[in-house]
Amino acid sequence: MAEKLILVVDDEADVARILERWLGRVPGLKVISVLDGAQALEAAQRNRPDLVILDYSMPMMDGFETCRALRADALTKTVPVIMLSGLGAAGAAMEAEGCGADAYLSKPLDGRELVDCVQLLLNRSAAPR
């Protein structure tokens, strides 16, 4: 099976490192991370990730705006997106769904829940339609 590339987007470098560590332990996954939405769009174009994990709250270009931009681009419109938020508000989950995110997880994260969600979305996107 080919290695799957995960793009992590979080303006908190410590959080990004934790996600990289959790996902990096999963055989077949490679993880890269960037610190903001603009870098995410560039990295998505350059690296063609198999899945994107976006933090909701980032300066300048938040996760919702970044997700909408990914969905508007022909190269990334079908890439699964997981939105993360420390807000825990029902409204944030609904907004994540509205901008095209495939899943929404609240911080603080559970590593097993994140890995399970990533694997579910990767399997779903690989399934024949």
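Helices (H or I, at least four residues) and strands (E, at least two) are DSSP runs, numbered from the N terminus. This is a predicted model, in which local features need pLDDT of at least 70, side-chain atom pairs count only at pLDDT 80 or more, and totals for chains, interfaces and linings use all residues. Residues are numbered from 1 along each chain as its sequence is written, and side-chain values use heavy atoms, with hydrogens and water left out.

**Stop one: helix α5**

Select Asp116 and Arg112, which form a salt bridge with closest N and O atoms 2.9 Å apart. A salt bridge here is a side-chain nitrogen of Lys or Arg within 4 Å of a carboxyl oxygen of Asp or Glu. About one helical turn separates Asp116 and Arg112, because they are four residues apart in α5. An α-helix has 3.6 residues a turn, so residues three or four places apart point the same way.

**Stop two: the salt-bridge network**

Next, select Asp10, Asp55 and Lys107, which salt bridges link into a network. Lys107 and Asp10 meet at 3.0 Å, N to O. This pair links distant parts of the chain, 97 residues apart: Lys107 is in the loop between β5 (103-106) and α5 (111-126), Asp10 in the loop between β1 (4-9) and α1 (13-24). Is Asp10 buried or exposed? At 0% relative accessibility, Asp10 counts as buried (buried means under 20% relative accessible area, exposed over 50%, partly exposed in between, with a 1.4 Å probe and protein chains only).

**Stop three: Asp36**

Now go to Asp36, in the loop between β2 (29-34) and α2 (37-47). Asp36 is buried but has no salt bridge, and Arg46, the nearest side chain of opposite charge, is 10 Å away (Lys and Arg count as positive, Asp and Glu as negative; His and the chain ends are not counted). Show the backbone nitrogen of Gln39 too: the side chain of Asp36 reaches it at 2.7 Å.

**Stop four: helix α3**

Select residues 63-72, helix α3, whose buried residues are Gly63, Phe64, Thr66, Cys67 and Leu70. They lie on the same side of α3, because they cover an arc of only 160° around the axis (taken from the directions from the helix axis to the C-beta atoms).

Notes
Polar contact = N/O pair within 3.5 Å; in protein donor to acceptor, adjacent residues only side chain to side chain.
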